[in-house]
Amino acid sequence: AARRSTGMSKPTSSLFARFAFSAIGCGLLAILGCWFATGDDLAPRAGSSAAPQPATCTVADAASVASTRRDDVRGALGCLGAPAGSTFRYRVTDRSDFEVNSPEGGLQPAGTLHVECFVTTTVLDRHADELLVQQQIEELRFLGQDGRKIEHDPVQASFAAAAAAPVLIRLDGHGKALGYGFADGLDGDQRNFLRGTLASLAFQAPEPQAKTWTCAEADTTGDYDARYDVLPSADAADVTVRRTRLHYTTIGAKPELPTHELRGAGEARFSTALGWLVETKLDEGMTMALPMLDLQMITSRRASARLVAADHVEVPADVAGAWGRTDAPVTGRLELVGQFAKESQRRLWQQTLQGVTLDALLAELGKLLQKQPADDEAVNNAFQKLQWLIKLDDGVARDLGERLATRQLGGDLAGVALSSLGAAGTKAAQAVLTAVRADRSLDAGLRQAATVSTLQLAEPSPELVAGLAKDAGEDFDGRSGAMLVLGALAPRSSAPLADGRTPVATLLAMESDATARGDLSTWMLAVGNSGAPETLGIAQRLLGHGEASVRGAACVALRGIAGPAALGALVERGITDTDPDVRQEAVLALGRRPEAAAREAIRRVAENDPDEAVRGRANRILHPGS
């Protein structure tokens, strides 16, 4: 966990935070892992059982094919004027890379999705200003960086099964998707895989004479605003557009919009001779703040689709009934995803850990932790085994709790054990963490490690949150740590405390007590950890406090608050503060924000701040690794 957010910097906590980051990275892989596979180069297969290829003419012949039918639509086809029965076959290459960034763990790879396939698009029907098309994915391959294929992968087989059935898409007259029609029985992972793969062909065409326009679109992540620009084209029969995603308006199922930054753009070329799309290229990315342990997910996507053939087929007579089957939403943000991957991972760990005992794992970890320098990869592998042993058997959590309570485990090994309990997150694991935190007879460092471990919990138990709230209001050595972690966990807990207040309301009511004991800066950090709506107003007020530590904490709290008001407070008051420590906190906060104005402010600090340390910090943010 970021020391700046938790205020904990003891050696046990630092070691512990490294494992906490690793555990969350593994949790992300559990969801993204359904996309990871390797394979051979994509090539047509002899004896393939895929649906017959509808395309029988090459792209070089396609214009003449279209011209022979132009009379059917009375003149130029336009960008999307291809008549019903037109089919277009594309070769698609699509690669997305995922990385996780943490103040403690740095930038770490989290996985790659690399897909190659063919997609055949068939125009089925037209009603007024809407089109009905069918898209069929064929010869699907999942590739890894080494180009090799993983055999018998159940998730890959699940996606291949989903791709066997065609997908219906209802479009408006300019190509904006209005609804999907999926085969019955597909789960959220399968539907989103289809949405994501077909998105490489999802571009809008311009109105006549239009040069630029903005619009709302959607994808598997959420809803976003985009800007389209018409680009110069060397061929008068072609129309090329560039799409730049501006910002998401919704992400996922939760109402809070995470702080995020979008990068790059996509381009699409339409042929008015064909009346359809002929080529697309995507080079896009996003950096998004994750709510746990001050992490950032960094994604990049490079994709292309190239028309390889076009033809005309007979449209089924009952196509009119297909319109009503396009009732699935365009966005996939509300789909229940990751369940298949989680279940597959659970089965894999059940097989891997057959015959493995807690005694053996603790002995292995003990030996690894004694080695200098430590073999991080080996330690992490043993840690993953331990957390999964806890997930699979509640008795392991209870056994660890007994060993911790009776002081059979200590030092770094105890810290790793507590971290594994937090990573597992089961009810039994949370009960042990709650008990360790409440046992004042145990060493303060051990109780602190248990407190930090709870940061990994996506759904903390009411008992654990109540314990944190109680400790945050008492005078003892773990008070500050409990308050900081309460701030981070409060928004993840919906259960009210014993007095009927929410955890966030309880935290906000602690300001006067924190002021009286001279710990207002810790309280401000805790409020910042919560991300409560009140954070902005409180931080703006405390930027005028007489103590530099409080003003610095206010800057830290603003780093996760989206919007121009928070940015303005950091630029206008944070980096102009009289105290260099406050200015440095403001620079760090600006470094976590996506706005271009934040980077420009950091540049000014790097050039003009009177303090060498502040200038150095700004330069390291602008030029990491230098």
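Helix α10 passes helix α12 in a right-handed crossing, a crossing being right-handed if the near helix is turned clockwise from the far one by less than a right angle, and left-handed if anticlockwise. The model is predicted, so local features need pLDDT of at least 70 and side-chain atom pairs count only at pLDDT 80 or more, while totals for chains, interfaces and linings use all residues. Residues are numbered from 1 along each chain as its sequence is written, and side-chain values use heavy atoms, with hydrogens and water left out.

The axes of α10 (residues 411–424) and α12 (residues 444–453) come within 8 Å and cross at roughly 25°. Axes here are lines fitted to C-alpha atoms, for helices over the stretch in contact, with angles from 0 to 180 degrees between N-to-C directions. The two helices α10 and α12 are therefore roughly parallel; angles under 35 degrees count as roughly parallel, over 145 as roughly antiparallel, 65 to 115 as roughly perpendicular and the rest as oblique. On the α10 side, Ala414, Leu418, Ser419 and Gly422 meet Leu446, Ala449, Ala450 and Ser453 of α12, contact meaning heavy atoms within 4.5 Å. The residues of this contact comprise five nonpolar, three polar and no charged (nonpolar: Ala, Val, Leu, Ile, Met, Phe, Trp, Tyr, Cys and Pro; charged: Asp, Glu, Lys and Arg; polar: the others, Gly among them).

For α13 (residues 462–472) and α14 (residues 479–489), the axes come within 8 Å and cross at roughly 135°. Helices α13 and α14 are therefore oblique to each other, and α13 passes α14 in a left-handed crossing. Leu464, Val465, Leu468, Ala469, Asp471 and Ala472 of α13 are in contact with Arg479, Ala482, Met483, Val485, Leu486 and Leu489 of α14. Ten nonpolar and two charged residues make up this contact, with no polar residue.

Helix α21 (residues 580–591) has twelve residues, for which 1.5 Å a residue gives a span of 16 Å; the end C-alpha atoms are 16 Å apart, in agreement. The expected span is 1.5 Å times one less than the number of residues. Nine of the twelve residues of α21 are buried, so the helix is largely enclosed by the rest of the structure. Among the buried residues are Val582, Arg583, Glu585 and Leu590 (buried: under 20% relative accessible area; exposed: over 50%; partly exposed: in between; 1.4 Å probe, protein chains only).

Overall, the chain has 23 helices and twelve strands, defined as DSSP runs (helices H or I, at least four residues; strands E, at least two) numbered from the N terminus. Of its 626 residues, 53% count as buried.
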